[in-house]
Amino acid sequence: MGQRVSYYRSILRKTLKETIFENFSTFRQWYLDAADSSVLQFNETFGNKELKSYLAQNDDFEYNLHNLDKKLIDELTSEFLNYCDSTNSENKILELFGPTMNKWRYNESTDMVLKTNDRDFIQLWNFIIKGRCLTGYVNFESFTNDEKIGFLTYDEYSILKSKIEAHFGNIGQIKEKYWTDKEKADVREAIANSKNGSYSLYEHNPKSSGLEYVLQALNEISITNDELITVIEL
C-alpha cells in the first residue's frame with residue numbers, strides 16, 4: 001500500500017508516554033528475545049545496536065528518560081509501536097482507527113497549511129505528518145528512521161481542529177470550497193453506480209484530502225478525548 005499515515009489511540013486510555021512506561025518491561029523482554037532468536041535461528045542481527053545495548057543494561061525507561069540521547073528515545077518509541085502491532089492479537093495495547101492513506105495524499109494540504117503562516121497551526125500539523133519526540137516539541141529522528149511517530153494531546157488536537165475549521169471550514173465546507181467541479185461530479189457518478197453506497201475512487205485526490213483525513217480522525221477521537229498517535233511510514 002506504499003508509505004502511509006496511520007492513526008492510533010491507546011486501549012488503556014493513556015498517553016503514548018504513559019503507555020510505553022506501563023508496558024516497558026514486556027516490550028524490553030520482547031525486543032531482547034527477538035534479537036537473541038534472530039541470531040540463533042537465522043544467524044542474522046535484529047534491531048538497532050544502540051537500543052539493544054540500552055535495553056540490556058536498563059529496566060526503568062521512565063526514570064532516565066530525560067537523560068537519554070534523543071535518537072535513542074525516538075528509536076525506542078518506533079520499536080514500541082512495532083511491538084504493539086506484533087502483539088496486538090494477544091494483548092491489545094493500541095487501536096488503529098480513522099483513515100490510513102498514502103503520504104502523498106497529504107502533500108497539497110500541507111502546502112495549504114503552510115500558506116496560512118499560522119505558526120501554531122503549522123507546528124501541530126507537522127506533529128501529525130512529520131512526527132514528534134516523546135519528550136516534547138522536537139522533531140522525530142531515530143537511528144534507523146524506518147518510520148516516524150507523532151502524537152497530540154487532547155488540548156493540542158482541539159486547537160488543531162479549531163485552526164483547520166477557522167482557516168478552511170469543516171469537512172463539508174472544505175469539499176464544497178476546494179473540490180473541483182470534476183471531482184464533485186466523479187463522486188456523484190460513483191455513488192450513483194454503487195451498491196449500498198459503497199464505492200472507491202483510487203485516483204480521486206482533491207488538494208484538501210489531507211485536511212479532510214485529519215478532521216475525520218480528530219472528529220472520531222474527540223468523542224473519547226484520548227491522545228492521538230500517528231505512525232508515518234518512510
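This is a predicted model: local features need pLDDT of at least 70, side-chain atom pairs count only at pLDDT 80 or more; totals for chains, interfaces and linings use all residues.
## Arg9 and its salt bridges

Arg9 is a buried residue, its relative accessible area being 9%. Glu220 and Arg9 form a salt bridge through their side chains, with an N to O distance of 3.4 Å. Because Glu220 belongs to helix 10 (residues 209–221) and Arg9 to strand 1, this pair ties together parts of the chain that are 211 residues apart in sequence. Glu220 itself counts as partly exposed, at 30% relative accessibility.

A salt bridge also joins the side chains of Arg9 and Glu95, at 3.1 Å from N to O. With a relative accessibility of 26%, Glu95 is classed as partly exposed.

The structure contains 12 salt bridges by the criterion applied. One of them is formed by Lys182 and Asp186, whose closest N and O atoms are 2.9 Å apart. Both residues lie in helix 9, and because they are 4 residues apart there, about one helical turn separates them. Lys182 is exposed, with 58% relative accessible area, whereas Asp186 is partly exposed at 25% relative accessibility. Elsewhere, salt bridges with shared partners connect Arg9, Glu95 and Glu220 into one network.

Helix 9 comprises 12 residues, 181–192. From its first C-alpha to its last, helix 9 reaches 17 Å, which is close to the 16 Å expected at 1.5 Å a residue.

Which residues of helix 9 are buried? They are Glu183, Lys184, Val187 and Ala190. These residues cover an arc of only 130° around the axis, and therefore lie on the same side of helix 9. The buried residues of helix 9 pack against helix 8 (171–178). The other side of helix 9 carries the exposed residues Asp181, Lys182, Arg188 and Ala192.

## Strand 4 and its partners

Strand 4 (residues 228–233) is largely enclosed by the rest of the structure, because 5 of its 6 residues are buried. Strand 1 (residues 4–10) is one of its pairing partners: the two run antiparallel and are joined by 4 bridges. In strand 1, Ser6 stands opposite Val231 of strand 4.

Strand 4 also pairs with strand 3 (residues 147–152), again in the antiparallel sense, and 6 bridges are found between them. Here Lys148 is placed opposite Ile232 of strand 4.

The Thr19 side chain makes a polar contact of 3.2 Å with the side chain of Ser10. A polar atom of the Thr19 side chain also lies 2.7 Å from the backbone oxygen of Thr15.

When neighbours within four places in sequence are left aside, the residues in contact with Thr19 are Ser10, Leu12, Lys14, Phe80, Ile93 and Leu94.

## Positive phi angles in two loops

Arg13 has a phi near 60°, a positive value in a residue other than glycine. Arg13 is located in the loop between strand 1 and helix 1, and its relative accessibility of 55% makes it exposed.

Asn117 likewise is not a glycine, yet its phi is positive, at about 60°. The loop that holds Asn117 runs between helix 5 (107–114) and helix 6 (119–129). At 63% relative accessibility, Asn117 is counted as exposed.

Terms used. Residues are numbered from 1 along each chain as its sequence is written. Side-chain values use heavy atoms; hydrogens and water are left out. The expected span of a helix is 1.5 Å times one less than its number of residues. Buried means under 20% relative accessible area, exposed over 50%, partly exposed in between (1.4 Å probe, protein chains only). The arc is that of the directions from the helix axis to the C-beta atoms. Contact means heavy atoms within 4.5 Å. A polar contact is a pair of N or O atoms within 3.5 Å; within protein, one must be able to donate a hydrogen and the other to accept it, and residues adjacent in sequence count only if both atoms are side-chain atoms. Two strands pair if DSSP finds at least two bridges between them. A salt bridge is a side-chain nitrogen of Lys or Arg within 4 Å of a carboxyl oxygen of Asp or Glu.
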